[in-house]
Amino acid sequence: MRRLSAAVSLVLLSLLAVAVAQASLVALILLFSAVLKLNLTIELGLHYLHLSLPAAPYRPEVAVYNAGSIASVVFTAAGGAVAATWKFRRWRAPR
């Protein structure tokens with residue numbers, strides 16, 4: 001039983017690490033697109049999320065066309081939530 005628990009913990013820890021890395025990557029993309037004054041476009045299926053600043057000529061644009069990357073962020077965030085839930089499932093507030 002301990003080996004199974006160790007294997008599950010290892011898988012959940014790796015999912016948590018990937019979730020943190022991808023969440024950091026998304027935050028960096030949003031931060032640097034604002035700091036560098038870039039237009040940011042993210043494709044979400046048939047829709048686009050377009051973050052832009054006031055119009056200016058020749059403003060660079062960053063576009064994320066792969067909806068799989070967005071699904072990957074959602075999946076890894078869910079993995080992180082599952083990992084946290086598993087880790088603290090028996091946690092009780094101190095009295």
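This is a predicted model: local features need pLDDT of at least 70, side-chain atom pairs count only at pLDDT 80 or more; totals for chains, interfaces and linings use all residues.
Colleague: In what order do the elements of the protein chain run from the N terminus on?
Modeller: The protein chain holds two helices and three strands. Helix H1 covers residues 2-35 and strand S1 covers 39-44, strand S3 covers 61-64, and helix H2 covers 67-87. From the N terminus on, the order is α-β-β-β-α.

Colleague: Which element of the protein chain has the lowest mean pLDDT?
Modeller: Over the protein chain the pLDDT averages 75, and 85% of the residues score at least 70. Among the elements, H1 has the highest mean, at 79. The lowest mean, 74, belongs to helix H2.

Colleague: What share of the residues of the protein chain counts as buried?
Modeller: A residue counts as buried when its relative accessible area is under 20%. The protein chain has 95 residues, and the share of them that counts as buried is 15%.

Colleague: Is Leu-36 buried or exposed?
Modeller: Leu-36 sits in the loop between helix H1 and strand S1. Together with Leu-28, Leu-31, Phe-32 and Val-35, Leu-36 forms a nonpolar patch on the surface, with about 480 Å² of accessible area together. The cut-off for the exposed class is over 50%. Because its relative accessibility is 55%, Leu-36 counts as exposed.

Colleague: What is the phi of Lys-37, in the loop between H1 and S1?
Modeller: Most residues other than glycine have a negative phi. Lys-37, which lies in the loop between H1 and S1, has a positive value although it is a residue other than glycine. Its phi is near 55°.

Colleague: Which elements give two or more residues to the lining of the second largest pocket?
Modeller: The space in the second largest pocket is about 160 Å³. Its lining consists of Ser-9, Leu-12, Leu-13, Leu-16, Ala-83, Ala-84, Trp-86, Lys-87 and Phe-88. The elements that give two or more residues to this lining are H1 and H2.

Colleague: What distance separates the C-alpha atoms of Ala-63 and Asn-39?
Modeller: Ala-63 is part of strand S3, and Asn-39 is in strand S1, which spans 39-44. With a relative accessible area of 30%, Ala-63 is partly exposed. Ala-63 and Asn-39 are 24 residues apart along the chain, and their C-alpha atoms are separated by 8.1 Å.

Key: Residues are numbered from 1 along each chain as its sequence is written. Side-chain values use heavy atoms; hydrogens and water are left out. Patches are made of residues with over 30% relative accessible area and no salt bridge: like charges are joined within 9 Å, nonpolar side chains (Val, Leu, Ile, Met, Phe, Trp, Tyr) within 5 Å. Accessible areas come from the Shrake-Rupley method with a 1.4 Å probe; for residues, only the protein chains shown count as cover. A salt bridge is a side-chain nitrogen of Lys or Arg within 4 Å of a carboxyl oxygen of Asp or Glu. Helices (H or I, at least four residues) and strands (E, at least two) are DSSP runs, numbered from the N terminus. Buried means under 20% relative accessible area, exposed over 50%, partly exposed in between (1.4 Å probe, protein chains only). pLDDT is the predictor's confidence in each residue, from 0 to 100. On a 1 Å grid over the protein atoms alone, a cavity is a set of points where a 1.4 Å probe fits but cannot get out, and a pocket is an open set with protein on both sides within 12 Å along at least five of seven lines; lining residues have an atom within 4 Å of a point. Grid points are joined across faces, edges and corners, and a volume is the space filled by probe spheres set on the points.
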